[in-house]
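User: I would like to go through this structure with you. Could we start with the terms and then take the local features in turn?
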Amino acid sequence: MDLFDSNTAERTNLPRNMIENSMFEEEPDVVDLAKDSNTFPAFSTLDPDEVAYEPRSSRLLVRGLGENDMDDDEEDCESSARLLGMSFMNRSSAHRSNSSPYIRQSPPRTCSRPSACTMVVCVLVLVIVASLVMVMYLLPGCTFTRAGCPKSNKTAPLEPVYPNSTNGELFPWAELRLPHSIQPLGYEVTLAPDLDNMTFTGRTVIKMSVLHSTKRIVLHAANLNITKAMFKLGDGQAHDVTVLEYKPRQQIAVKFPEELKTGQQCVLIFDYSANLSHTYDGFYNSSYTDKDGNKRVLAATQFEPLSARKAFPCFDEPSFKATFLIRINRKPSYMTLSNMPQAKTTPISNDLIQDEFEKTNVNMSTYLVAFIVGNFTSVSSNATGTNVSVYSIPEKKEQTDFALATASKLLQFYNGFFEIEYPLKKLDLVAIPDFLAGAMENWGLITFRETTLLLDSNSSHLEKQVVASVIAHELAHQWFGNLVTMSWWNDLWLNEGFATYMEYMSLQEILPNLDTGNLFLSVRFRAMDKDALNSSHPVSTEVNTPEQVEEMFDSVSYEKGASILLMLNASLPKEQQFKKGIIQYLNTYSGLNTETEDLWNSLTLVSTPRQNISEMMSSWTSQKGFPLVTVSRKGDQVTLSQEPFLLTSDNTTQKSRLWNIPITYVNDSCSLALECRQMYTLKNKTENLKVPESVKWLKLNYKNTGFYVVDYGNDGWNALIEALSKNISVLTPEDRASLIYNIFALSRLGRVPFQQVLHLLNSMSGETEPSPVTEALLQLNSIYRLLDKRQESGLAARMKAYILNHFGSLMKNQSWGEEQSLSKQELRSALVSTACILNEESCTDQAKSLFKKYHDSNFTVKIPGDLQQAVFTVAAQSEDDWETLLKLYTATTYDAEKRKMLKGLASTQDPRRIAWILKAGLNGDIIQTQELPLIINTACNGFAGYLFAWDFIQVNWDRLIEKFPVGSFAIQTIVKSTTSQFSTQAHLDQVQAFFSSLKQRGSQMRSVQEALETIRLNKRWMESNLKNFGKWH
């Protein structure tokens, strides 16, 4: 799935609880009462799946009496004792009666002295009781459950405590992940959507195989009203069964009085009804307005990661692959699409038709199933025997040509590169008017936002770059993700990291004019920004909740995953070795599920000379963050040392974390060509290498293919700055951008003073390449916005003056006409946008003039695509032009242009208009709700909008998480946008208080921890540098 709908977009030494199905296994801290438990009742036989237990925080164990650290909850103690029929065993003195034999009592004055016989009897009773107590305390403890004391843990595991289902009966499963007793073989799903009433009915038939004996079948369903369920074993008769439901985990179950035996086959049949979803997941309804102003409705699906269960009962985990046969009932005025070609169409009434699709010829994970009901038109071509089609609503058919040509080229390229033919008969790409993600890789039916698939004939190369990148990403998924799928969401990077890497690599091969290399470099920098936080996570990490599954869709899984693949490819000694390794991986695991170690093993098998790839790469996937490499030099000896690059110090892991770093470097004698690159592997904390004493400087991380930051020390930085001052072309543009990113990162870390940052920028005053210029502008603009929003107006004015002075001549040299070179478009777009945002007079005048010509020509004079954003943003600052822009936004059918208009509208500094556009985005009438994260992000960049947006999300949080799942990329974006520019203690306290109050509605999200950490870092950096800024001239 592509989350980024703009140009941003072994088992590796994992702990046992991340392997196979024991995802949450945790041994309880309870003690057996007696190892020889023959005198105690035994439990009934447990399924093999029950070797795993819930974490103790969610398990209701009655504590054993032999524990010395009894729970403070006295109710637990009492219930334990009652199970033995000895309530006197409660050890709290507050519960002992005054007649307890353990407390010395004063003899009653009215009572006579007891007889000797009575005394002896009492003493014997006390001795017996005391002996029992000692036995209970000194023998190995009992593992208590509701059934009493079972056999020793050596012979039988603890019986899980099951939750109650909706009807009050015990639900027979207590884990998030499903048991592996049953394997689905094939689904037949028949759906009847009613687009008038936004409901649907369905029947799902699931054929299954019993992998090991069990008395239950557990699977997923969410928000489905199951009206009837039947079960059939082998060739027997189908009979009704009762379905139990446990809503918190979206699970349903059927229990059986007799065991289903290993090797048997069985069938479950469900009839159900449901509402079409009003959010962007499951089987959801969508609408758009046609050219005549009529509202048109459609229904589409988005199942990744956890939403196939909202359309039909299923085993909704990636490892439960099966075949699918889909049937959909529709009115004659609609059409339907699914993963496979349509097999037949059957009239079932006067106004209803059933479309049946071919059964999939591959086993698929449920999240890849898709179907659509609506009105679409298509264009098609044949690419190496596969029918490739692009679908759109009828009004936008003319915008599909570029997508069709690009998809056909990419399909041919991937068929050849992977040496495995695309396995389905057809490949459809569908532009859906209302779609949250950038795109979704459903096998054979890829769904897109209109902005990431459709282009008009006048679109710029930058706009083509965006569309081509998304198509390349989704087509790569047909192999990485669809053909070979990660076993569980903890290894999502195997899908998304590979698809991200292949999108850039493939386009550099087949569409080199789109120059995706600069884009890939930029997104690697942004991935490092996130991974530098202590709140980041390993590429392959534990995933224990649905919210954590959603949060895996982030830049660590996508861009960091792609970055370490690039680094690996660049470090392998032979040119085609990486390609051979991934072909080996795809062939070995075709149709199966994998873990990270499987990839490393495949690459190891083809390595020549033989290398242990797992040893090299596990440090990059099993621990968060990346290394800081420090370089020092004395004569011919260079000392390299590594430590974690952490903006927030973490002393507990600082010393122990090491990476296997493939260091690349060039020097002043040879620095540009690939042949100049030298390599060294840094495995230990500190190592030495030798260079000729005549070498004046070293530049590490050639073209930034490695995922690490380098600090050259004062002497090293000064040598590089001096070299660039004399000849800026002594390093490649990628290396110059890398130096800029590195020195800003080190300044944020506190390793170099900001004055050194300025020295580097001043040495590159003649820079004209897009990658170094855009990176410098991004970093400086970020500091300017922080100063501006902190209301340090004097310092913000100085930063603004520095930017305009440093880049002023380059800004003024930009033309405002059509530009064919993509690299020049990239450079011009960044420079003009910055100049206009900073209200540079000549820029705003040019933008106003161009918008006036556009308006006066009745919008026939075209604004160059790379300048549209700057022009619309300037226009939106005028009251009249903002209204004109809003009318244009509602009328235009060109989606790339429409989105730029929306960003312009959201950039207004008028408080009332900011409030209006935020509300309009939430309501979804004039502006689709899918655009709300973009609106919030844009508004937050302005001085007037960022506090409005922060208030807005606090007031509307519950509505936001109704629209977008907790932890989803949309929510991550909203949280980051509204908080990342705060830098004061007051704002830190506000953010912390708000998110803490959310409890289960978002307080535990990783993005919240990132937000709090970012504010603290902003505050620290500002407090450290404000005085220096005050002295800055």
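Analyst: Buried means under 20% relative accessible area, exposed over 50% and partly exposed in between, with a 1.4 Å probe and protein chains only. This is a predicted model, in which local features need pLDDT of at least 70, side-chain atom pairs count only at pLDDT 80 or more, and totals for chains, interfaces and linings use all residues. Residues are numbered from 1 along each chain as its sequence is written, and side-chain values use heavy atoms, with hydrogens and water left out.

User: Is Asn704 buried or exposed?
Analyst: Asn704 counts as buried because its relative accessibility is 2%. Asn704 has a positive phi of about 55° although it is not a glycine.

User: Where does Asn704 lie?
Analyst: Asn704 lies in the loop between S28 and S29. Helices (H or I, at least four residues) and strands (E, at least two) are DSSP runs, numbered from the N terminus.

User: And what about the phi of Asn701?
Analyst: Asn701, not a glycine, has a positive phi of about 65°. Asn701 is found in the loop between strand S28 (698-700) and strand S29 (709-711). With 2% relative accessibility, Asn701 counts as buried.

User: Changing topic: which residues does the cis peptide bond with omega of about 5° join?
Analyst: That cis bond joins Glu304 and Pro305. Pro305 belongs to the loop between strand S10 (295-302) and strand S11 (323-330). A cis peptide bond also runs from Thr608 to Pro609, with omega near -5°. Pro609 sits in the loop between helix H10 (596-606) and helix H11 (613-621).

User: What is Tyr280 in contact with?
Analyst: Contact means heavy atoms within 4.5 Å. Leaving aside neighbours within four places in sequence, Tyr280 is in contact with Gln302, Asp434, Phe435, Leu436, Thr929, Gln930, Lys963 and Phe964. Tyr280 is in the loop between strand S8 (265-275) and strand S9 (282-289), and at 10% relative accessibility it counts as buried. Its C-alpha atom is 9.9 Å from that of Ser307, 27 residues apart along the chain.

User: Now helices. At what angle do the axes of H3 and H4 cross?
Analyst: The axes of helix H3 (residues 401-418) and helix H4 (residues 461-477) cross at roughly 40° and come within 10 Å. That makes H3 oblique to H4. Axes are lines fitted to C-alpha atoms, for helices over the stretch in contact, and angles run from 0 to 180 degrees between N-to-C directions. Angles under 35 degrees count as roughly parallel, over 145 as roughly antiparallel, 65 to 115 as roughly perpendicular and the rest as oblique.

User: Which residues meet there?
Analyst: From H3, Phe402, Ala403, Thr406, Ala407, Leu410, Leu411 and Tyr414 meet Lys464, Val467, Ala468, Ile471, Ala472, Leu475 and Ala476 of H4.

User: Where does H17 bend?
Analyst: Helix H17 (residues 793-812) bends by about 50° at His806. The bend at a residue is the angle between axes fitted to the seven residues ending there and the seven starting there. His806 is one of the buried residues of H17, including also Tyr802, Ile803, Phe807 and Gly808.

User: Last one: where is Ser771, and what does it touch?
Analyst: Ser771 is in helix H16 (residues 770-789). Its relative accessibility is 7%, so Ser771 counts as buried. Apart from neighbours within four places in sequence, Ser771 is in contact with Asn518, Leu521, Pro733, Glu734 and Ala737.
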